[in-house]
Amino acid sequence: MKIAVYGKGGIGKSTTSCNISIALARRGENVLQIGCDPKHDSTFTLTGFLIPTIIDTLQSKDYHYEDIWSEDVIHAGYGGVDCVEAGGPPAGAGCGGYVVGETVKLLKELNAFYEYNIILFDVLGDVVCGGFAAPLNYADYCLIITDNGFDSLFAANRITASIREKARTHPLRLVGLVGNRTSQRDLIKKYVEACPMPVIEVLPLIEDIRISRIKGKTLFEMVGSEPSLNYVCEYYLDIADQILSQPEGIVPKEIPDRELFNLLSDLYLNPIDKGKDQNNKKNLLGFTMV
């Protein structure tokens with residue numbers, strides 16, 4: 001199974017990806033996480049350092065694939081998760097899609113691409129061109145990370161459009177949305193009502209999730225010294241279980257930009273009566289408010 005994780009930049013996508021990767025490994029899967037961002041920091045919380053990228057390694061070998069070994073580009077991460085960073089072209093030059101293609105090509109040359117039960121692509125930001133959408137060419141499922149914000153849902157809608165387009169020629173499906181670090185869910189609810197798709201999980205606003213990134217550790221590793229965080233790991237294990245159930249998934253239909261703008265801005269300008277919302281202590285997706 002190959003999964004592409006997308007979402008607006010800064011939404012906590014890499015932190016979420018790393019914890020999902022470990023959760024999948026805890027369920028007995030052989031997992032490879034591929035970071036698809038020129039910052040090459042997707043796997044930072046798994047390895048504790050910025051590992052060499054595929055592109056850097058290829059350049060150092062003058063693109064002689066035969067001179068590269070698996071251990072040059074695949075690095076062991078926490079919890080038994082193997083890690084690869086694709087890297088990217090120089091700033092202002094080249095295409096990220098080319099880099100992803102070279103990464104997959106090299107892993108196939110090394111007979112590594114098909115050795116894993118699960119490969120998770122952690123992809124940078126919004127989908128603004130075909131290069132950014134390149135990992136969808138290899139994925140069975142796409143998972144979108146969002147929060148309850150205007151901009152992140154706009155990005156989610158753009159990603160939705162890309163999934164629909166790729167599904168025309170690839171066996172790609174959207175597995176659903178994951179809400180990350182959000183205490184409110186009204187905009188998420190409004191969006192999925194207008195653009196139907198599963199909501200896999202909504203993680204509440206937990207400061208330790210942000211701190212884990214700063215510490216260079218996953219929540220699963222932090223639990224070793226802070227057992228009180230075990231409940232946070234359960235969220236990621238639940239996401240892993242839903243992925244491993246091999247859901248049918250959907251081919252979503254995005255909302256036109258202006259329609260989405262009006263939909264979300266109307267909720268900002270005409271918020272739901274907070275007093276009524278607090279009386280029942282339930283958020284709009286049916287989860288207890290945290």
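The model is predicted: local features need pLDDT of at least 70, side-chain atom pairs count only at pLDDT 80 or more, and totals for chains, interfaces and linings use all residues. Residues are numbered from 1 along each chain as its sequence is written, and side-chain values use heavy atoms, with hydrogens and water left out. The secondary structure comes to twelve helices and eight strands; these are DSSP runs, numbered from the N terminus, with helices being H or I of at least four residues and strands being E of at least two.

**Overall form**

- The radius of gyration of the protein is 19 Å, close to the 19 Å that the globule rule gives for 290 residues, so the protein is as compact as a globular protein of that length. The radius is taken over C-alpha atoms, and the rule is 2.2 Å times the number of residues to the power 0.38.
- The C-alpha trace spans about 65 × 45 × 35 Å along its principal axes.
- Of the 290 residues, 51% count as buried. Buried means under 20% relative accessible area, exposed means over 50%, and partly exposed lies in between (1.4 Å probe, protein chains only).
- The protein exposes about 12,800 Å², of which carbon and sulfur atoms supply 51%; accessible areas come from the Shrake-Rupley method with a 1.4 Å probe, and for residues only the protein chains shown count as cover.
- Among contacts with a separation of 6 or more, 75% are accounted for by residues 24 or more positions apart. Contact means heavy atoms within 4.5 Å.

- An unreviewed UniProt entry lists Gly 10, Ile 11, Gly 12, Lys 13, Ser 14, Thr 15, Lys 39, Asn 180 and Arg 181 under "binding site". UniProt positions are given in the numbering used here, feature names are shortened, and annotations may be inferred rather than shown by experiment.
- Gly 10 lies in the loop between β1 (2–7) and α1 (13–26), and Gly 10 counts as exposed because its relative accessibility is 83%.
- Ser 14 is found in helix α1 and is buried, with a relative accessible area of 15%.
- Leaving out residues up to four places away in sequence, Ser 14 touches Ser 42, Asp 122 and Arg 213.
- Ser 212 itself is placed in helix α8 (residues 207–215) and is buried, at a relative accessible area of 0%.

**Annotated cysteine pair**

- The unreviewed UniProt entry also places a "binding site" feature at Cys 95 and Cys 129. These positions span 35 residues in sequence, yet no two of their C-alpha atoms are more than 9.7 Å apart, so they gather at one spot.
- Cys 95 lies in the loop between β4 (82–85) and α5 (96–109). With 36% relative accessibility, Cys 95 counts as partly exposed.
- Beyond four places in sequence, Cys 95 touches Pro 89 and Gly 131.
- Cys 129 lies in the loop between β5 (118–123) and β6 (141–146) and counts as partly exposed, at 37% relative accessibility.

**Nonpolar cores**

- In soluble globular proteins, nonpolar side chains tend to be buried together.
- The largest nonpolar core has 51 residues, of which Phe 121 and Tyr 191 touch the most other members. Such a core is a set of buried Ala, Val, Leu, Ile, Met, Phe, Trp, Tyr and Cys residues joined through side-chain atoms within 4.5 Å.
- Helix α6 (residues 150–166) gives the most to this core, with six residues.
- Another core, of 38 residues, lies apart from it, and includes Ile 3, Val 5, Ile 22 and Ala 240.
- Neighbours within four places aside, the contacts of Phe 121 include Lys 2, Ile 3, Ala 4, Val 5, Ile 34 and Cys 36.

**Strand β6 and its partners**

- Six of the six residues of β6 are buried. Tyr 141, Leu 143 and Ile 145 cover one side, and Cys 142, Ile 144 and Thr 146 the other, all of them buried.
- β1 and β6 run parallel, joined by five bridges; two strands pair if DSSP finds at least two bridges between them. Tyr 6 has Ile 144 as its bridge partner in β6.
- β6 also runs parallel to strand β7 (residues 173–179), with six bridges, and the bridge partner of Cys 142 in β7 is Leu 174.
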